[in-house]
Amino acid sequence: MSPALRPLRRIQLEVCVPVVRPFRALRFDPGVVGELGGVIAPPYDVVGDDLRRELLASSSHNVVRLDFPVEEFGDPDPDDRYRRAARLLSDWRGQGALRQDPRPSIYVYEQQFARLGRTEPETRRGFFARVGLQPFGQEIRPHERTMPGPREDRYRLLRATNVNTSPIVAMYRDPRHRVAPLLEAITARPAAVDVRDFAGDRHRLWVLTAGTDGSAETLAEIAGRVPLTIADGHHRYETALRFQSERRVGAPATEDAEHGYDFVLMLLLEPEAGPLLVLPTHRVVRGLGSDGLAMLRTVLSSYFRMSRRMPADELLRSLGPDGDEPPRSGGRMGLWTRDGGWILQAKGKALETILGPGGKAVRRLDVSMLGAVLDAGAGLDAAAIAAGERLIYTHDAAEAIALVDAGTEGADAAFLLDPTPAAEILAVAAEGDVMPQKSTYIYPKAITGLVINPLES
């Protein structure tokens, strides 16, 4: 029997390979909701207030109403926002705005997106499937730590709605190089969905019904033979594990039984067909004050060689606008304070004495080196970072500089990072380590609203 088609509970006992399944997705019906470009949205974690208002105005059925419910005036209970999302989901299904596909399918997905400084669009291909939940280990590998606030938010939404609205993004290897040509052939056909989002990026979807030409089974089998490394959506995966554990309490222990809560929605990417563009997440340190900033500068000089002082525009040019090129060498980053900017280059031997435990891959990351120095020079240990009060995260280096210049929320110093190559994400996960919170930003995010995974079946 194919590994992708074995019973889920048996797989979990053997701890062999991931379980990848076709599923019956909920999808918006354009005959009811109108243009599908108006109902899709980025995932909740990149939707700010302004964008949320724009998405809400685009359609009364925009998926942001489900994926990112917010507290409304007069709500007596913080959970009211999640109950409201559940009622809305029920209404949409009742109206036929969301319809469930009649047969299990694999959903091939193509993104065409603009990239700063380039005229030709980039193309990424992968496929949506259900993946059987397993504790993190050699089969499902994390690469990044999570934070308690987002975990709790995603759990309450999942508990209320019983659906996966946004996919987890995971990477896998295809040593026989079968996936890229197969996806290329599939995407040469007319798409079931072809839309552009608010940013002008193009999203296309093909429905591969299980039991037809074998394409769905082939893709599921290939991805189900190798480990999966989560690239984006760690909070959602940990939430799904918690939800599964709670739903299993009191449930019959039937080995071959499968339930919707045993699975989670994933977008599966293979590097040849779905290359990842990984942008950096910059750190802005708050609450140092003049004395704290002087102490941090002293500690930095012990572990980094500092360039001459430079203005903001030169610092930004030195780091590159969008991570187009890999860093020239490890341990390189920018520093901005109200006194000016510097390029920092790690002194390898010196830094090794304060780096935390872990394998070679995680210890050579810029974010790991920065974390060790911030602990030594600013008292920002893992607990302080997890509390979320001393750091501001941003994907925009110019914004990080502006926050410091304005002293916004006590901002005193910005650390501007180079991107982490996708190969390093896989290397860290393969060694069983995880990167610090907010180490990577996968661009562009997988769109929300093309497929929704209902957990009742």
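Me: Is Phe 127 buried or exposed?

Reply: Some ground rules first. This is a predicted model, in which local features need pLDDT of at least 70 and side-chain atom pairs count only at pLDDT 80 or more, while totals for chains, interfaces and linings use all residues. Residues are numbered from 1 along each chain as its sequence is written, and side-chain values use heavy atoms, with hydrogens and water left out. Buried means under 20% relative accessible area, exposed over 50%, and partly exposed in between, with a 1.4 Å probe and protein chains only. Phe 127 has a relative accessible area of 0%, so Phe 127 is buried.

Me: How many aromatic pairs does a search of the whole structure find?

Reply: Rings of Phe, Tyr and Trp (its six-membered ring) pair if their centres lie within 6.5 Å; planes under 30 degrees apart count as stacked, over 60 as edge-to-face and the rest as tilted. The search finds six such pairs. In one of them, the ring centres of Phe 113 and Tyr 443 are 6.1 Å apart and the planes stand at 90 degrees, so this pair is edge-to-face. Phe 113 belongs to strand 4 (residues 105-113) and Tyr 443 to strand 20, 330 residues apart, so the pair links distant parts of the chain. Helices (H or I, at least four residues) and strands (E, at least two) are DSSP runs, numbered from the N terminus. Phe 113 is buried at 4% relative accessible area, whereas Tyr 443 is partly exposed at 25%.

Me: What is the geometry of the rings of Phe 127 and Tyr 172?

Reply: Their centres are 6.4 Å apart and their planes at 70 degrees, so this pair is edge-to-face. Phe 127 lies in strand 5 (residues 122-132) and Tyr 172 in the loop between strand 8 (168-171) and helix 7 (179-186), so the pair ties together parts 45 residues apart in sequence. Tyr 172 is buried, at 2% relative accessibility.

Me: Which residues have the most contacts inside the largest nonpolar core?

Reply: In soluble globular proteins, nonpolar side chains tend to be buried together. A nonpolar core is a set of buried Ala, Val, Leu, Ile, Met, Phe, Trp, Tyr and Cys residues joined through side-chain atoms within 4.5 Å. The largest has 74 residues, and Phe 304 and Phe 415 have the most contacts inside it. Helix 14 (residues 366-378) gives the largest share of this core, seven residues. Apart from this core lies another, of 32 residues, including Ile 140 and Trp 206.

Me: Which residues lie closest to the centre of the largest pocket?

Reply: That pocket holds about 1100 Å³ of space. Of its 42 lining residues, Asp 45, Val 46, His 395, Lys 438 and Tyr 441 are the closest to its centre.

Conventions:
1 Å grid on protein atoms, 1.4 Å probe; cavity = no way out; pocket = protein on both sides within 12 Å on 5 of 7 lines; lining within 4 Å. Points joined across faces, edges and corners; volume = space filled by probe spheres on them.
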